[in-house]
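Let's take a friendly walk through the charged and aromatic side-chain contacts of this protein. Keep the structure open beside you as you read.

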Amino acid sequence: MRAADRERAIVDEAIRFFAERGFEGQTRELAKRMGITHSAIYRHFPSKEALIERVYQEVYLSRWSPDWGPLIRDRSLSLEARLTRFYLDYVARVFEYNWVRIFVSSGMKSFGITGRYLDIVRREIIEPATAELRHDLRLPDASANPLSERETELLWGLHGRIFYLAIRKFIYETPIPSDLDAIVRDAVQTFLDGAKTTMPKLLARD
């Protein structure tokens, strides 16, 4: 097998392996599972951490769409349309066994994948969407009145509500609705209905 093909095979199997076993799984066990020597893995990846970093690149960064950030800021569409379109696409891309299980496993370890990924979500989705919500409700611009933690937590709540469906399916292994599109649309609409009342109150308290 060519070196590039062997590396590709190691990465693909590592994704499946870590999704099943978590990051406590040993590279020696991974090698045995693949039918290769332990040293063969380290010819391509100098450490377990380097292999995990490659998994992060493959599983998370490769599925992040560069269109999502601009979509959230696109005022030619209603905010409801923007959030709905984003979450429909997000669900289609990340509701996948390996993605969800590695994400949760990383959150319980010190490899930093979860924190780094959520920082991207915060920067590209949560904070811009909070600023757009202010604009939609004709509230003070974020450039003059910085976003508060309580405001951004409203958006994290929407994000968490939708992502919890993936937790139920791939972590708890319990049934979830078959029509996820309808669930996403309901979640966004319910969130915006509530935000119309809650957001002005939060700014009034500042």
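D89 and R93 bring their side chains together in a salt bridge, with 3.5 Å from N to O. These two residues sit four apart in helix α6 (residues 79-94), so about one helical turn separates D89 from R93. How accessible is D89? Its relative accessibility is 29%, so D89 counts as partly exposed. R93, at 31% relative accessibility, is partly exposed too.

Please bear in mind that this is a predicted model. Over the protein chain the pLDDT averages 93, and 97% of the residues score at least 70. Confidence is highest in α5, with a mean of 98, and lowest in α7, with a mean of 85.

**Salt bridges**

How many salt bridges does the structure hold? There are 19.

R123 has a relative accessible area of 39%, so it is partly exposed. D119 is also partly exposed, its relative accessible area being 30%.

R33 is partly exposed at 32% relative accessibility, and E20 is partly exposed at 40%.

| Salt bridge | N to O distance |
|---|---|
| D89 and R93 | 3.5 Å |
| R33 and E20 | 2.9 Å |

Some charged residues take part in a network: salt bridges link E7, R8, D12, R54 and E58.

**Aromatic pairs**

Now for the rings. Searching the whole structure turns up 20 aromatic pairs. One of them is formed by Y60 and W99, whose ring centres are 4.7 Å apart; their planes meet at 55°, so the pair is tilted rather than edge-to-face, a label that needs an angle over 60 degrees.

Where do these two rings come from? Y60 is in the loop between α4 (48-59) and α5 (68-72), while W99 is in helix α7 (residues 97-107). Are Y60 and W99 buried or exposed? Both are buried, which means that each has under 20% relative accessible area.

Y164 and Y172 make another aromatic pair, this one edge-to-face, with 6.3 Å from centre to centre and 70° between the planes. Y164 has a relative accessibility of 42%, so it counts as partly exposed. Y172 is partly exposed as well, with a relative accessible area of 49%.

Which residues do ring pairs link into a cluster? The members are Y56, Y60, W64, W68, F86, Y87, Y90, W99, F103, Y117 and F163. Y60 and W99, the tilted pair described above, are among them.

Technical notes:
Residues numbered from 1 in each chain as written. Predicted model: local features only at pLDDT ≥ 70, side-chain atom pairs only at ≥ 80, totals over all residues. Heavy atoms only, no water. Phe/Tyr/Trp six-rings, centres within 6.5 Å; stacked < 30°, edge-to-face > 60°. Buried < 20%, exposed > 50% of the residue type's maximum accessible area, 1.4 Å probe, protein only. Salt bridge = Lys/Arg side-chain N within 4 Å of Asp/Glu carboxyl O. pLDDT = per-residue confidence, 0-100.
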